[in-house]
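Please examine the sequence and the three-dimensional structure shown below. The report that follows describes selected features in turn.

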Amino acid sequence: MNVKVTIDGKLYEVPSHYTALDACKAANIDIPTLCFLKELNETAACRMCVVEVEGARSLQASCVLKVRDGMKIKTNTKRVQDSRATTLELLLANHNKECLNCDRNGKCELQDLAERFHLKEIYFDSFEKRTPFIDDSSFSIVRDQSKCILCGRCVSACEKIAGMSVLAYTNRGFEANVGTGFNVELDDAGCISCGQCINVCPVGALQEKSHVEQVWDAISDPKKHVVIQTAPAVRAAIGEEFGLPIGTSCTGKMIAAIRRLGVDKVFDTNFAADLTILEEGHELLDRLQNGGKLPLLTSCSPGWIRLIEQYYPELLPNLSSCKSPHQMFGAIIKSYYAEKTKIDPKDIYVVSVMPCTAKKFEMNREELSHNGLKDVDAVLTTRELGRMLKEKGIRFNELPDEDFDHPLGEYTGAGVIFGATGGVMEAALRTVADILTGEDLKDFEYHAVRGFEGIKEAELEIAGNKISIAIAHGGGNARKLMDIIKSGKKEYHFVEIMGCEGGCINGGGQPYVNSHIRNEGIDYKKLRAQVLYNEDKSKEFRKSHHNKEVKQLYDEFLEKPNSHKAHELLHTSYKAREIFPIK
Amino acid sequence: MKKSVEELMKIRQETLKKMELRENDAHCRIVVGMGTCGISAGARPCLTAIVDEVNKRGLSNVQIVQTGCVGMCRLEPMFDVIIGDKKYTYVDMTPEKSRQVVVEHIVNNRVIHEYTIGEEEKE
Amino acid sequence: MQYYRAHVLICGGTGCTSGKSLEIKAELEKQLVTYGIENEVKVVMTGCFGLCEAGPIMVVYPEGTFYAHVQVKDVKKIVEEHLFKGRIVKEKLYYEALDEDKVISVNEVEFYAKQKRIALSNCGVIDPENIDEYLAKDGYQALIKVLTDMKPREVIEEIKKSGLRGRGGAGFPTGLKWEFASNYEDDMKYVCCNADEGDPGAFMDRSILEGTPHSVIEAMTIAGYATGSKKGYIYIRAEYPIAVKRLEIAIKQAKDYGLLGNNILDTKFSFDIEIRLGAGAFVCGEETALIESIEGKRGMPRTKPPFPAEKGIWGKPTLINNVETFANIPAIILKGGEWFGSIGTEKSKGTKVFALGGKIKNTGLVEIPMGTTLREVIYGIGGGIPDNKKFKAVQTGGPSGGCLTAEHLDTPIDYDNLVSIGSMMGSGGMIVMDEDTCMVDIARFFLDFTCEESCGKCTPCREGTKRLKEILDKIVAGNGTIEDLDRLENLAGYIKDNALCNLGQTAPNPVISTLKFFRDEYMAHVVDKKCPTSVCKDLLQYTITDKCIGCGSCAKVCPQGCIEPLGKEINSKTKRRQYVIDQNKCIKCGACLEACPPKVKAIIRK
């Protein structure tokens, strides 16, 4: 059904479910917004988007105002213009405007507004500012409250996407703030480090904890043999840092670019993803055949690991003991690769480029080291990689495509799809089905596990075995699924969980997606996932057990999946973690 | 206990009686002289007796108030009974006599003239 | 039935309780035993009498003797003299309750005689912890009437006919609100009583809940019947412990009598009430923030629409009314909408409770018919301004209201009149200011409150009110500029126009109204750097004139040690000199002014 609305004197017909903001957009008027994120943060808090509505006493926030038939909206009056300018002025007056050395410089939505409004002065600049507060206690996330504009996007993301509500409003009035319960450090407040808060922050108030400096140091240290591995989701998004459209595949350019940073080797975490499938697949088979604890829960996502350790410790025995792929890779590099290349593992510096902030926490876990050496020495987010490439002046878009180094550079289509929700499940099924049937099955695409529905379930029949599976992505969905499993309402054999909504392609370390793009309804998660599924299709080998270099690794070093050596290097253990611990 | 409408009405009526004292329009007022003279002559037991009797008979709408010395100390204990605009003054009271007054005068509406002094007065 | 010859009513409202009325009651009971009259005299703890200025209050029936400022030590005398011997203790009477030598009963005292009590009718009359006394005062009769012979629609019509408008602030027609809530169909609906009274100085809701909690319970049950809801919430701040306790008792009693719960009075109608305690944030009085808080979230307003009638508590249709609004309902049902509509003005019907405060003799609660003039309230019921000071302004509507001046004194008080002259009814706060009040300082005082109480959600309120206050700080410190004044005015208008909820939109009202009526005072602060009422310390100066005799009394008391005999010589022989104040060190405490001998009066404050 359509309704008629008058916008700035012109009559338009728009669908009745539209907001005034939608209607204005349809009329080619771009109303400024700041706090608004469609379906996520519809709070009308910032008041940037106010319009005049005939009959209303005060100005109305267009972002949440549903159109009515006959509604008369004015967007260009002095009253509206001055109001928006004052709102912006008030925000800027209480904002740490050290833009030039802010990580968000050039990518800041507040900066965009400042550019658009051309304020002559900020009258209240000399007035009191909110008490500055920086929490950099977390391994993953840094909060700088001097930059926070209290739009509440992170609060909504933490509540609705991460399902955590670790970040919330605290205090009142001018001292209102975003913070944790009892103002404890982020890592003690039940945070899972997923970084979804960073992704939605319009300014530089939330950032990953940067490893850029230490990576530069390692690269410039002649004694260090620097090895970089890249997660599958990175290639699906790094182009965005260089202005390429969302959904551009950049595998070759990415490799070329990283090589030009001056590192010694560029490997692909996908190799380890294939390795993971062999380990985890055999673990599943073992549990299925020998009455092990079911459902088996995947363990690739460190955000998810924190979630289960903090909130569902009773389900820890269900968790696969496999390390996450990049940690496996680190362990292999500092053992097998070191042996092969005769480099002292102490001199090898492993850098993981990840779409993830939780990996920064993960790499610091005590269990994830061997002979006193950490598996991984630094974790860069996709954004940080972009920053480093720009700093080096590498013309990313012009680079030729290059290939990963070998060995440990080969990967199958199964490894690539690890980066999207359902991908680990599909990759595992491809291998497990072949093992169970003893055939090389031709029909190995599992479409039931793909897509972005919060919780996906399927019942499969493989070689006469009924296998019941479930997939959840994003902390909120993960909690729902865990509650179902705990209640015993449903029984599954194998469950894949990823800590971020949509999987790694939407990880907390991925390039910022401007709220305008989000609010347009552009499904950036789908576009990025498509890159991975396309790459899967393009690969000659699409099942992990067909990876020749992985096979070689087993033959030369690990013997067989779940061997003693594999356990020593590729598997780990977990522990319940207290939230709000009493110190 | 859950109450029916009738029961609620009954509670209402009974409580209303108890609270009538807080309205300023009582049917009957008994004003007891409680000056030093009155008290030393035994007004206190009389007052107690009146209250007790009123209580026993479940009378409502009776106000019992005290007053100071009215200047006829030799006739104490004494009190006035005022019903409508008629006032009678009872003198030389004892607790027993006081009870009688309550019963006869207030309940049965018969003034005990032998205890009163003077004529009926307009209040 | 036990007959008592006297009833002693002691105020158990919050004001008198903090004045030790509980101890007074205990002492009274003890003394009655001592004098052997405990079976003759009944002690009743009531709700607030309203005249808090006179508290703790004790009223003795049947005489209606009105004792004021009663202290524990007075009790023995009252028992011995009044209750035992029958002699009224005149020196403890409320000052107006004694005319020459004649004792005036409580109901004839001017403060009460000029009021018309509907919402407060039971306050100070019944024992709020005794449902029977409420029943005796026609309590639950309205519910019986509604359940036995009215259809929900008829109830709503009756409320609409009465013209009752919301007493919480905005004055939305109550009948319409009920109708909206009843029109939305859903499997669950809620009735909510907003008892999150937050305006500083306003306490009518507390008094109603403390004095006649059953009125609100009865009204909510009627509202439940009318709107088709079976669950009610009372959202009350935890810092009202007495009100909470009495509500709990009242709910329990109502349940015991079957007036709450399943199948009330054996009808199909069921209704239950739950109390939700708030932590006392001002913003939680805003209905959508209140809903958030009931749901266990941080109290921050939601955008409207959707209004609570459509999507309220847990997203279900919800009727929210304020305590005082509910307290009017039983009387409207019993006496009819027309009766209620006959009281008040054309568009504002019935009575309104005001909390009188500030520079006024009779501080306390008054309930008056709509349309009464401010003059009548302030000079009649309120007894005027103490110490014969001149009236300057009255702030109505609490911190979100506005200041009105002497020219408005004869304005009949109703919703629309107050708005048209730049203020509002609000919840009924009325703060009187005399000639010694600095209006800039007052605006700053109110701003300070709204600033602190802003929830911090929207930019205009969170950032804007703070900047308003900072500009005012600048002005009272003598650092204000004309540009600041312009900024102040623009920003105030901006906040009114842009804030998300009513709290924010009305927060600048004190600034706007004082700028409108007292601009000259602002100018004096900004241009002349003077505070005309000598309130703003930073703009004051203490100086020692030629009258100084060099005694040094001032220097002895100066906490800064900044007064020294450095002036001109008074006596050539003794070399005594006049004293001088070092203005750079002076903290303007005024101690020197006090210390200067009255005969000399050499120190002046400007």
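## Strand pairing in chain C

In β9(C), D272(C) is the bridge partner of K231(C). The strands concerned are β8 (residues 231-237) and β9 (residues 272-278) of chain C, which run parallel and are joined by 7 bridges. Two strands pair if DSSP finds at least two bridges between them. From β8(C) the chain passes through helix α11 (residues 241-256) of chain C to reach β9(C), and this β-α-β crossover is right-handed. The term right-handed applies if, with the strands pointing away from the viewer, the path from the first strand over the helix to the second runs clockwise. Helices (H or I, at least four residues) and strands (E, at least two) are DSSP runs, numbered from the N terminus.

The model is predicted: local features need pLDDT of at least 70, side-chain atom pairs count only at pLDDT 80 or more, and totals for chains, interfaces and linings use all residues. Residues are numbered from 1 along each chain as its sequence is written, while chains are lettered from A and ligands numbered from 1 in the order in which they are written.

## The open sheet of chain A

Chain A contains an open sheet of 4 strands with parallel pairing, in the order β12-β11-β14-β17. Because β12 (265-268) and β17 (378-381) of chain A stand at the edges with a single partner strand each, one side of each is left without a neighbour in the sheet. From one strand to the next, the twist averages 25 degrees. Strands β11 (residues 225-230) and β14 (residues 348-354) of chain A run parallel and are joined by 6 bridges; S352(A) in β14(A) is the bridge partner of Q229(A).

Two helices of chain A lie across strands of chain A, as tabulated here. Axes are lines fitted to C-alpha atoms, for helices over the stretch in contact, and angles run from 0 to 180 degrees between N-to-C directions. Two residues are in contact if their C-beta atoms, placed from the backbone, lie within 7 Å.

| Helix of chain A | Lies across | Angle |
|---|---|---|
| α6 (residues 212-220) | β11, β14 and β17 of chain A | about 120 degrees to β17(A) |
| α9 (residues 269-290) | β11, β12 and β14 of chain A | about 35 degrees to β12(A) |

Chain B has 4 helices and 5 strands, following the pattern α-β-α-α-β-β-β-α-β along the sequence. Its C-alpha trace spans about 55 × 25 × 25 Å along the principal axes.

Between chains A and C, 27 residues of chain A are in contact with 26 residues of chain C. On the side of chain A that touches chain C, α2(A) gives the most, with 5 residues.
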